[in-house]
Amino acid sequence: MTATRLPAALAPWAATLSALSPELAVALGPLLRRLDTLVGTREPVADVLGDPDGLGGLTRAGRPDRLLPSEWLLADAYPDEFLRRFVDGELLHHASEFSTPAVRGRIVALVDSGPAQAGAGRLVQLAALLVLHRRAAARGTELVVGVLGDPDGHWLTGDLAELLPAWLASRRPSDPTPEDVERVQAGLDAEDHAWVLTSPRLGGQLPGRARVLTSEPARWSAESATGVTVRIDGSTTELPLPAAEIAVRALRGSEFRRAASPVVVNVPAEAAGAAGGALPAFTTGTRTLLARGRRPSVLLAVNLPNGGNGPATEVRAKRHKLNGPVLAAGRIGRRLIALYARGDQLVPYVSGRPLSPAGGEQAGFTAELAAFGLDRAGLAGQFTRPVLPLVRGGDDLLLPLAGRWWRIAPDGTVTDDGEVGRGAEGPQHFNRFREPRLYDRSLPAGAARARHLLHSGATVAWSEDGRDWEVRNWQGQAHRISFRENADVIGLVHHEAVPALITCTRSGLLVRHVRADGVRTLTRFSGGTAPPAVHPTLPLIAAETRPGRIVVGDAYTGRIHHLIGSDD
């Protein structure tokens, strides 16, 4: 397929259209832009921008004074290439950042996948989903798609690369009824913005709660429909359709860019982590930040000073060289304790006073890997993730590994100490905010039964769907925090008595600070090599912005306090 650049008129749509082939994106352009104008009368985004809050992120549109310095260097060195990028809308600008109010309502598209919407109707639905997805992103919320006639609670979500193929596969043998629409609408939140994408026959039977977009063929050629009549709440217009050849390929899904499949790499035990970066981790409540070095046998430890209001300062990491790849570590009192793999054993390393009067590595806590139900090959994947927490439980060491908590006695005996909390063992890192046993108080009744749990110090939060959270701080004050972005909650912080969730999108690693009354994008901690680390009790956040380079700052304001780099 020959690559086709987007025309300048579609440059603002570049991120949205990245889920389509360039040919389909260009072919849908006229339909897309005119439909966006119609939808915009009912789905504005300007009212939620809020107050200006500096600059954050990048965009392909903006004023010349917001061009990146690298673009001006390009203009000086290669003026022809600069001019080409200007014409094609490819120049990068700093995007304006806004302190936005928290948007609680989702944009919901209820699609008619019956025979009446086959062909031209499905092409209009495709364009409408692109328009609504772009507007949802601009509002800081998400687009969810419900197929009329499907069981209640079954929603299509995710990025466009995941959502569009699922929508395309949702063809149904019969047309939906007004009762199907009413049943789905009854289950929506009051703040949700619902759209029904359907035929004029069903649209004419619907009451007025939802915004209704209907379409039907209006003009034909010898091969296919060339135009459609689109109605949105009484407004009618005729819009063009793509040519027959590209339209057929679109309806077969061959013009969608699929989400990349994860690549599984077998990492040799001794070399695991060597190509990785210094993924940061706060494994205990101290101000010690831990990371594995370029060599997995190097543990980097940084005791963070108190941050001030001055410029960011460089902080040096103390290097601890072990005799095998580091698995887990934690600062317990004045000791830094780590476990590393040596042969078929886990062996302790202690910086500070020995764990036992006899001292030395052979004094105890050396455990056989077989006692954990693992061999060395099964442990290798752990060395590409942040170091696991290691805590003291009486005279024993406690370690979360492979979905279980393990108790290691001084004589090396390993005992299964129970299952890791639901949601704490993620695919990329261990999230101690979600581990109930690390909360040292009694959980409220609602939190103990909830599907999702978070805690930070004496503050606890819980949720059934991962989006609407009940929060109770140490003063007993109750807060409610909601968001609709397709993101994971990676931490809970508070400023004085005001709590906030720290979220990270599942694609792009965009980090946000979400309060009950607003949202702030933590741009300087976004887009790293992995989700950032959030301190379990302090409003600190650390992110590896590029391999081997860590920034540490305030998770509430987004201000950077410390910069950490190491040759290791």
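Here is a short tour of this structure, stop by stop, to follow in your viewer.

**Before you start**

This is a predicted model, where local features need pLDDT of at least 70, side-chain atom pairs count only at pLDDT 80 or more, and totals for chains, interfaces and linings use all residues. Residues are numbered from 1 along each chain as its sequence is written, and side-chain values use heavy atoms, with hydrogens and water left out.

**Stop 1: a surface patch**

Select Leu-83, Phe-86 and Val-87. Together they form a nonpolar patch on the surface with about 320 Å² of accessible area. Patch members have over 30% relative accessible area and no salt bridge, and nonpolar side chains (Val, Leu, Ile, Met, Phe, Trp, Tyr) are joined within 5 Å. Areas come from the Shrake-Rupley method with a 1.4 Å probe. A salt bridge would be a side-chain nitrogen of Lys or Arg within 4 Å of a carboxyl oxygen of Asp or Glu. Leu-83 lies in helix α4, residues 79–87. Helices (H or I, at least four residues) and strands (E, at least two) are DSSP runs, numbered from the N terminus.

**Stop 2: an aromatic pair**

Now select Phe-372 and Trp-406. The structure holds 3 aromatic pairs. In this one the ring centres are 5.4 Å apart and the planes stand at 75°, so the pair is edge-to-face. Rings of Phe, Tyr and Trp (its six-membered ring) pair if their centres lie within 6.5 Å, and planes under 30 degrees apart count as stacked, over 60 as edge-to-face and the rest as tilted. Phe-372 sits in the loop between β17 and α10, while Trp-406 is in strand β21, 34 residues apart.

**Stop 3: the second largest pocket**

Next, select His-452, Arg-467, Ala-487, Asp-488 and Arg-506. Of the 33 lining residues, these are the closest to the centre of the second largest pocket. Its volume is about 870 Å³, counted as the space filled by probe spheres set on grid points joined across faces, edges and corners. On a 1 Å grid over the protein atoms alone, a pocket is an open set of points with protein on both sides within 12 Å along at least five of seven lines; a cavity is a set where a 1.4 Å probe fits but cannot get out, and lining residues have an atom within 4 Å of a point. Strand β27 (487–495) gives the largest share of this lining, 4 residues.

**Stop 4: the largest cavity**

Finally, select Pro-280, Ala-281, His-429, Phe-430 and Ala-533, which lie nearest the centre of the largest cavity among its 24 lining residues. About 260 Å³ of space lies inside. Strand β32 supplies the largest share of the lining, 3 residues.

Key. Patch = residues over 30% accessible without salt bridge, like charges linked within 9 Å, V, L, I, M, F, W, Y side chains within 5 Å.
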